[in-house]
Amino acid sequence: MAWNTNLRWRLPITCLILQVTMVVLFGVFVRYDIQADAHWWLEKKRKNISSDVENEFYYRYPSFQDVHAMVFVGFGFLMTFLQRYGFSAVGFNFLLAAFGIQWALLMQGWFHYFEEGHIVLSVENIIQADFCVASSCVAFGAVLGKVSPMQLLIMTFFQVTLFAVNEFILLNLIEAKDAGGSMTIHTFGAYFGLTVTWILYRKNLDQSKQRQSSVYHSDLFAMIGTLFLWIYWPSFNSASSLHGDAQHRAALNTYLSLAACVLTTVTVSSIVHKKGKLDMVHIQNATLAGGVGVGTAAEMMLTPYGALIVGFFCGIFSTLGFAYLSPFLESRFRIQDTCGIHNLHGIPGIIGGIVGAVTAAYSSPDVYGEPGIVHSFGFGSYKVDWTKRMQGRSQIFGLLLSLGMALVGGIIVGFILKLPFWGQAADENCFEDSIYWEVPEEVNTVYIPEDPAHKHSTSLVPAIPLVLPTASGSMVPPVPPTPPVSLVTSAPSAALVH
């Protein structure tokens, strides 16, 4: 079926409506937090605060910078591996994230930061909004190359809404711990995206199979995204942790898990190849699985060697997933997962949820100390008669809730996106930038062999021109030799000229 992909009026009108709506809602509901308000100096006097350094901004903003770079640069460039879809990977990720953070600030604000009729806005809000949008970026990876920007905006709207509801139930009602978002961000985002792409199954996608591959330079660009994500992931997992030891521990555990994950990814990637070569898809993606797998337990007393074990197994399962599970799911279950998010976010996210449940269930005052266990889990303080076994169960319930919300929400949103008026491309035109972007025409250099009738010097180093005397005594430079080859520029379709 051929759809109309001309979005000249539909996309601008949709973007304008959404942005005007955001302006109105922000005007009605959003106000600065006291630490960002001009009345901060009065607050300092009231609380006897001596320095502006105690403002939350100076504590949280470095973490926010890292998380922000991950969302816009890391996720964006990680998806540039497709040879003809680089503009869309970075550009559409930019679009959905820019809209998503605004809607997330409202949705999460109504649930978590609503005071006296207004949402109070601080640096903590924008970190949480980036976390929410990271889940949307994960889901984008499943449908990459197969949906229009209109569909992405609609999908982001619903996913952010469901994310905020799921997060509130998991963190505030079930009272599970999920510092790095293994359950709320990665598991929810992955299985939401997989369910959507399952509903949007394209039976003739093989017609675009040639473009659903990489070339040398596109893989190199994707590796830039990998390195940004890998470097900043400790900040991602620790950004929302409590001050002091919890944040310190979350960064260390993530750092160690990521390092172990790289080695096991390289090991398995070499083993599964008949000639022992490495697959760039594995190195771009599976090396990050350790950051996902350690997320829930990042701020817990996982121990350094425990963090290494988590990264060890995440690297193995993620790489095997890319090698064997993704082709199986596509052929048997019609799940066309463009970026392999099931292997990078889905499986490691479930591992992370289980690791968090086990670590919480076996927590004890001997490990944490009495004040430490109260500080980490709330045992004995606001959680009256709460035991470590109950905390372990709440962690499992949180994981199951994230899976259920993702699957049900993905089915509903998938059927909404399947409607034929969203400007989606036909099966034979997927993974192609020129459907939605003005793509500059590439210019290739064509080599024309020299005429064999001419004899030229084989030297490639230009000689210094000599000035020769004439019969009259004047000095005349010699005539430069004819160049051995000529270079002609042509459009990409131009054939080699003989």
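How many salt bridges does the structure hold? The structure, a predicted model, holds nine salt bridges.

**Figure 1. Overview of the chain in the predicted model.** The chain has 16 helices and seven strands. It comprises 498 residues, of which 49% count as buried. Among contacts with a separation of 6 or more, 81% are between residues 24 or more positions apart. The number of disulfides is zero.

Figure 2. Are the two partners buried or exposed? Glu 43 has a relative accessible area of 11% and is buried, whereas Arg 46, at 60% relative accessibility, counts as exposed. Lys 47 joins Glu 43 and Arg 46 in a network of salt bridges.

**Figure 3. The salt bridge between Asp 52 and Lys 44.** The closest N and O atoms of this pair are 2.9 Å apart. Asp 52 counts as partly exposed, with 35% relative accessibility. Lys 44 has 19% relative accessibility and counts as buried, because the limit for that class is under 20%.

**Figure 4. The salt bridge between Glu 330 and Lys 209.** Here the closest N and O atoms are 3.6 Å apart. Glu 330 belongs to helix H12, while Lys 209 sits in the loop between helix H7 (182-199) and helix H8 (216-238), so the pair ties together parts that are 121 residues apart in sequence. Glu 330 counts as partly exposed at 27% relative accessibility. Lys 209 also counts as partly exposed, at 38%.

**Figure 5. Helix H3 and its kink.** Helix H3 runs over residues 56-78, 23 residues in total. From the first C-alpha to the last it reaches 32 Å, close to the 33 Å expected at 1.5 Å a residue. Where is the kink in H3 centred? The kink, of about 35 degrees, is centred on Met 70. At the start of H3, a side-chain oxygen of Asn 55 comes to within 3.0 Å of the backbone nitrogen of Phe 57.

**Figure 6. Helix H5 and the glycine that follows it.** Helix H5 comprises residues 123-143, and its end C-alpha atoms are 31 Å apart. This agrees with the 30 Å that its 21 residues should span at 1.5 Å a residue. Why is H5 described as largely enclosed by the rest of the structure? The description applies because 19 of the 21 residues of H5 are buried. Gly 145 follows H5 and has a positive phi, near 85 degrees.

**Figure 7. Surroundings of Thr 338.** Thr 338 lies in the loop between helix H12 (304-333) and helix H13 (341-361). Its relative accessibility is 10%, and therefore it counts as buried. Which residues does Thr 338 touch, not counting residues up to four places away in sequence? With that exclusion, Thr 338 touches Phe 81, Leu 82, Gly 141, Ala 142, Val 143, Leu 144, Lys 146, Gln 212 and Phe 431.

**Figure 8. Surroundings of Arg 249.** Arg 249 is part of helix H9, residues 245-272. At 13% relative accessibility, this arginine counts as buried. Not counting residues up to four places away in sequence, Arg 249 touches Ala 298, Glu 299, Met 300, Met 301 and Ser 376.

**Figure 9. Two buried cysteines, Cys 132 and Cys 430.** Cys 132 has a relative accessible area of 1% and is buried. Cys 430 counts as buried as well, at 0% relative accessibility. As the structure holds zero disulfides, neither cysteine is shown with such a bond.

**Figure 10. Val 23 and Gln 102.** Val 23 is located in helix H1, which covers residues 10-29. With a relative accessibility of 53%, Val 23 counts as exposed. Val 23 and Gln 102 are 79 residues apart in sequence, and their C-alpha atoms are 9.4 Å apart in space.

Notes:
Residues numbered from 1 in each chain as written. Predicted model: local features only at pLDDT ≥ 70, side-chain atom pairs only at ≥ 80, totals over all residues. Heavy atoms only, no water. Helix = DSSP H or I, 4+ residues; strand = E, 2+ residues; numbered from the N terminus. Buried < 20%, exposed > 50% of the residue type's maximum accessible area, 1.4 Å probe, protein only. Contact = heavy atoms within 4.5 Å. Expected span 1.5 Å × (residues − 1). Bend = angle between axes of the 7 residues up to and from the residue. Polar contact = N/O pair within 3.5 Å; in protein donor to acceptor, adjacent residues only side chain to side chain. Salt bridge = Lys/Arg side-chain N within 4 Å of Asp/Glu carboxyl O. Disulfide = S-S within 2.5 Å.
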